Amino acid sequence: MKQNYKEFLDIQNHLFSFRRLRNGELIDTVKNLPSTYTKSEYLVMFDNIQFIYELTLALLEAISLGIEFEINEELKIIKILNLPDKELAKKRLAYFKSVCEELTDYYHITQRNVTKSVNQYLTHWIYPYKGKFHPQMVRALINIIGLKEGDLLLDPFSGSGTAAVEAQLLGVNFIGIDISPLCVIQGKVKTESIYVLDEIKRIRKDIIRNSCYQDIVLGRYIEKISDDERVRNFYTLARLVAVSDNYRRKKNLVDSFFRNLDLMIRSVEDYYTLVRELKINLGQVRINLGDSRNIQLPDESVDGIITSPPYSIALDYVENDKHSLMYMGYNLSKIREEFIGVRGKGKDKIHLYNEDMKKSYREMYRVLKKNRYAVIIIGNARFEGKEIPTVEFTIRCMESIGFKLERNINKNIFGLYNIMKNENILFFVKEK
Ligand SMILES: C[S@@+](CC[C@H](N)C(=O)[O-])C[C@H]1O[C@@H](n2cnc3c(N)ncnc32)[C@H](O)[C@@H]1O
């Protein structure tokens with residue numbers, strides 16, 4: 001059974017029916033090419049792709065680059081019918097490892113990884129932040145919502161800076177906002193350190209020569225380490241990674257500092273080399289400490305929004321990173337007052353969450369240009385044993401503001417740890 005992409009009314013439903021054809025067999029068992037075709041006519045997806053939502057995003061991003069194709073039961077190997085720009089496809093695609101037998105940029109990017117986790121390539125891994133985006137998904141979403149080099153992407157809840165790195169790698173300019181100073185520093189270090197790599201390396205030598213690592217680890221010397229804020233941020237975050245390792249895994253602070261510092265430097269070197277090898281035009285990145293309920297940007301100034309808001313009351317971000325926030329000298333109860341999803345007590349919490357998110361969504365509507373997309377990745381949270389319909393709330397709220405829901409992709413993840421995790425990828429358009 002073959003299907004031309006133009007006939008798809010709903011890609012996700014078609015993929016489900018293909019999946020049923022295979023009798024529930026895992027999709028990633030596909031390995032061999034059908035003998036009737038030559039390899040050069042194909043787009044080949046990465047081996048680790050297995051979920052329907054990933055296949056859906058893969059097909060949507062191919063469509064967004066003007067590629068016409070045909071899929072069959074092999075699913076992960078797609079026959080190209082028309083490829084308008086092979087170089088562009090190689091440069092931008094996220095879910096494909098090769099285009100007409102030539103490896104994509106993203107394949108090379110993912111090889112630069114100092115961790116064991118496939119998603120944590122380049123600087124993504126730096127600091128163990130809970131609730132990060134899947135970077136490959138963000139790259140595909142940037143393609144799907146049609147952002148080009150030089151366009152401006154906003155993430156008003158930028159967290160650990162996943163979208164910042166992915167936008168930068170695609171030459172898309174980026175503004176991130178987060179209420180947490182710990183998040184702001186993560187986003188900055190992940191995207192700015194390549195510009196100050198030599199200075200970072202020189203200071204590492206100084207630290208060894210002067211044996212002043214105790215001072216660094218205790219945070220006494222960092223303010224004097226360099227005139228460049230980007231270098232100070234790098235060393236501050238290296239220290240916070242060690243603090244987090246020490247707090248969560250009881251690792252020795254000084255050992256952990258040096259081990260992570262060296263891995264961080266290696267990741268930044270990898271980033272630097274890769275940018276030159278692939279001739280990437282990096283996007284400009286700005287990450288601001290701020291409140292998404294009051295976005296400091298002019299009306300209709302951004303070309304797209306991709307964000308994952310706090311999951312209602314599912315994760316207490318302040319509690320989760322309290323050791324680092326305290327090391328940074330912040331007053332936790334003061335910080336809690338501004339954090340969406342952790343404000344208030346009992347039922348009041350949900351009411352406050354809804355009010356706060358409504359303000360943020362209104363701001364997103366205001367700053368987004370017409371005919372452009374806001375993609376919200378969100379799931380239902382559980383509170384006091386009950387499911388809170390956060391997804392439904394989000395759709396209703398966005399539509400009441402004037403957005404139109406254009407696509408809703410279920411991000412069901414089956415079987416990972418024998419639990420089912422549900423999220424939705426909601427595509428809203430700001431119509432004329
Ligand atoms: C789900 S996380 C985002 C994670 C991010 N997508 C990533 O890849 O790391 C939500 C973020 O919202 C931030 N946040 C909470 N209240 C906020 C507010 N009022 N304004 C801006 N950011 C806020 C939290 O600090 C947290 O980092």
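A polar contact is a pair of N or O atoms within 3.5 Å. The model is predicted. An oxygen atom of the ligand lies 2.6 Å from an N or O atom in the side chain of Asp178, so this pair meets the cut-off for a polar contact.

**Ligand surroundings**
- The ligand is surrounded by 24 residues, and the closest are Tyr129, Phe133, Ser160, Thr162 and Asp178.
- This shell comprises 11 nonpolar, nine polar and four charged residues.

**Polar contacts and burial of the ligand**
- Ser160 places a polar side-chain atom 2.6 Å from an oxygen atom of the ligand.
- A polar backbone atom of Ile179 is 3.3 Å from a nitrogen atom of the ligand.
- The protein buries 99% of the 600 Å² that the ligand exposes when taken alone.

**Asp321**
- Asp321 is located in the loop between helix 12 (317-320) and helix 13 (322-327).
- Asp321 counts as buried because its relative accessibility is 2%, and buried means under 20%.
- Leaving aside residues up to four places away in sequence, Asp321 touches Tyr127, Tyr129, Leu182 and Arg248.

**Cysteines**
- Cys183 counts as buried because its relative accessibility is 1%.
- Cys397 also counts as buried, because its relative accessibility is 4%.
- With a disulfide taken as a pair of cysteine sulfur atoms within 2.5 Å, the count comes to zero disulfides.

Terms used
Residues are numbered from 1 along each chain as its sequence is written. This is a predicted model: local features need pLDDT of at least 70, side-chain atom pairs count only at pLDDT 80 or more; totals for chains, interfaces and linings use all residues. Side-chain values use heavy atoms; hydrogens and water are left out. Buried means under 20% relative accessible area, exposed over 50%, partly exposed in between (1.4 Å probe, protein chains only). A residue is near a molecule or strand if one of its heavy atoms lies within 4 Å of it. A polar contact is a pair of N or O atoms within 3.5 Å; within protein, one must be able to donate a hydrogen and the other to accept it, and residues adjacent in sequence count only if both atoms are side-chain atoms. Accessible areas come from the Shrake-Rupley method with a 1.4 Å probe; for residues, only the protein chains shown count as cover. Ala, Val, Leu, Ile, Met, Phe, Trp, Tyr, Cys and Pro count as nonpolar, Asp, Glu, Lys and Arg as charged, and the others, Gly among them, as polar. Helices (H or I, at least four residues) and strands (E, at least two) are DSSP runs, numbered from the N terminus. Contact means heavy atoms within 4.5 Å.
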